[in-house]
Each structure stands twice: as structure tokens, then as C-alpha cells.
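Dear colleague,

Please find the structure below for your records.

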Amino acid sequence: MPVYVSLRKRLKILIFVASSLSTVLYLSSSIISSGLRMINFTNIALAAFHMPKVGLGTLGISPSEASTVINEALSLGYRLFDCAPVYFNEKEIGDAFHESTSGVPRTDVFITSKLASPFHRPEHVEPALRKTLNEFNFQMRQPTYSIDSLVNRRLQRLAYWVSGFVPHPLASQIDESEGGARIDPSVSIRDTWTAMERLVDKGLVKYIGVANFPVMLLHDLLSYARIPPVVNQVEIHPYNQQSKLLSYCKSRNVAVQAYSPLGLPSYKETGEPDLLLDPVLKEIAAAHGVTVAQVCLQWSLQRGYHVIVKSSKRNHLEENQLVNHKNEFASNPIRLTSEEMDRIASLDRNLRFTRPDDWWKDMPVFN
């Protein structure tokens, strides 16, 4: 349904919806010099999708350090930031963007947020989005913009997992399923997706997408989606390469964004391998004079997908940033040979460091 929006500046908003289902939302409007213009946002949603190749994850960034980390990241060239209500720092992250001294135009920045599992019921999807916008303080800091125009930056919203929970207020931990007891079997992916599509119809967002979707769930979603997902955010690294999923997403024009591209070294359990200590990766890194982390990220980019890196330390922010704000390689990029790519391919062991099966005992997500 067409809507009328008063626009005076270039506005771009990208939003992912995350939970058991993941969703990406993106609104893009051109400069309009005067009056009201009729825009069919549902049709706009089918236009070409573009986002930075490398983004910064904000999980683990404490509220007290948010301002410093965001400002440094912007100065170093990061333009996509992966956030979530369940990281419990979105207000501080939003404040950091508003108060940044980096000089980066807001129209250059993508912000990812997520639809938490307790809010998958259709009637909760839009209020959850508006709460996120309020946490980022978009309307209060930009009083001249309506909710339809939101703010002159790109906001992306994503949904993590494939099951909704019984509605409840968020407390203080990422998984609040109580061992799966709060999973709501009456909430379907289709119901949540339809509610996400309505956000596009209203002009609140432009694109919607998913996260942690295996091939068959994605295939099913594409069979009925009026507005298809533009992205699937999943765990990919040399120990969990997901080659078949990558191939399927490419065939269906769904972008792939990898989280934990370094194998989640900070959260691995006792006895699990450390990707950054892998002898093959260390040998390849030494041959190029770079770190294992840089080898992993370069391997990811050469495979053709996007990555989310995570650090609050400036030296690691610099180390992880292999592309500049235009998504081009740095002045002296490494380039892995076909032989090196094959050697890394041989490391695959289907090892996931993020395992919802351990949280939701009776609901194996990937098996």
C-alpha cells in the first residue's frame, strides 16, 4: 500500500530482525526538495541491496566503553555496527553515535539490531521495532523527522533464531528461554515474517532478512514470502564453513553475513579447539606476515560473504579492518592463493561454537 511521506533529506535505514527468525529491514529514500511524494515501499524493497562487507559486533561492549569504542571504530573505517536489545547496551551505543566526533556522515552508517524471541508474535513485532528506535533515541535527537522518516542513517534489524518465546520482559542475559521452557510453539515463522512485511508496507523499513536459517527453513520461507529476505546471518569460520548453505543463498540471491568468523575464541568451552592457534592457519599467516585473524577474515571475503568482527581494543579493531568505508581492500591487502584456500577448506569439521541445542534441550535447531 502506497504511503505519503514528507522527506527533506536523504534517509537510509536498514534493520535486521533477530530471534529464532531473523529479519532485515532497510529504508532508503532520495532527496526530495519539496512537498509530499507517494512512495510504494513494498516495491522499493525489491531493489538492489548493499551493505558494508565488514561490520563491528557490539556484544560484550560495556555501556561505559561504548562511546570510546564506537568513536574509534568510525574513525578507523567501520560503517556497519551489529547490535541487539539482548546485548543490553543499545541506549549507550545510540548515544555514542549521536555524540561521535569522527565526522562520519550519518548516511554512511548501518546499524543492525534484532527482534528478540519474546516479541515474535505478530502484534509485538512493530512495538519491538519502535522500542529499539527509541533506545537509539532517533526521534528525540532528530525531532524534525517523523517515525516514517526515522533518522538520516541506515538501520538494520535482525532476528537470531527460529523460534519465538512466550512474551516476557527482557532481563539481563542473551538466552532467556529457561532451558527451552519459554519456547512458544504457537508462533510460526510465517506469522512473524508477515508482520515484518507489514513494516515494509508502512515504510518503516525497506528490507527484511533472516539469521541462523538452515537451507530447508530458508527454502520454505522463500516459497511464501511476499517480500523475500535479502540476508541470512549465520556462524561461519574455517571450522564451520557451511559451503552448501553459501551455495544455496547465492542461487537465491540472499546475501550471507557471518558472525564469529574467528571461531568465538572468548567463549569456547574447555576442550574445544582454538581456531586462532590452528597450525595450518598460523603457517599461512606467517607466509603473508599477518595474523591468523586477518587470514580468517580474508578467507571469508574471498569466499564472497560479509563478516561481523568483535573487539573493543583499538589494536584489534585495526587488525580486523581489512576494507575501508567504500568496501575496497586496504592499500596493502593480502590475497590468499587457491592452494591456501584449499588448505583452509580442509579444516572444516562442522563445529559450531554457538549451539542453541544446548540451551533448548528438546528443540535441535540445526539437526
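This is a predicted model: local features need pLDDT of at least 70, side-chain atom pairs count only at pLDDT 80 or more; totals for chains, interfaces and linings use all residues.

Residues are numbered from 1 along each chain as its sequence is written, and side-chain values use heavy atoms, with hydrogens and water left out.

**Overall**

The protein has 13 helices and 12 strands; these are DSSP runs numbered from the N terminus, with at least four residues (H or I) for a helix and at least two (E) for a strand. Of its 367 residues, 55% are buried, where buried means under 20% relative accessible area with a 1.4 Å probe, protein chains only. The accessible surface comes to about 15,800 Å², and carbon and sulfur atoms account for 51% of that; the areas come from the Shrake-Rupley method with a 1.4 Å probe. Among contacts (heavy atoms within 4.5 Å) between residues at least 6 apart in sequence, 76% join residues at least 24 apart.

**Strand S5**

Strand S5 covers residues 54–57; Val54 and Leu56 point one way, Gly55 and Gly57 point the other way, and all are buried. S5 runs parallel to strand S12 (residues 306–310), to which four bridges join it; two strands pair if DSSP finds at least two bridges between them. Val54 stands opposite Val307 in S12. S5 also runs parallel to strand S6 (residues 80–82), with two bridges, and Leu56 has Phe81 as its bridge partner there. Together, S5, helix H2 (residues 66–76) and S6 form a right-handed β-α-β unit: with the strands pointing away from the viewer, the path from the first strand over the helix to the second runs clockwise.

**Two side chains**

His98 lies in helix H3 (residues 90–99) and is buried, its relative accessible area being 14%. The side chain of His98 reaches the backbone oxygen of Phe136 at 3.0 Å. From Ser67, His98 is 31 residues away in sequence and 9.7 Å away in space, C-alpha to C-alpha.

Glu126, in helix H4 (residues 122–135), is buried with a relative accessible area of 18%. Its side chain makes a polar contact with the side chain of Lys202 at 2.6 Å. Leaving aside residues up to four places away in sequence, Glu126 touches Leu199, Lys202 and Leu204. A polar contact is a pair of N or O atoms within 3.5 Å; within protein, one must be able to donate a hydrogen and the other to accept it, and residues adjacent in sequence count only if both atoms are side-chain atoms.

With kind regards

Technical notes:
Buried means under 20% relative accessible area, exposed over 50%, partly exposed in between (1.4 Å probe, protein chains only).
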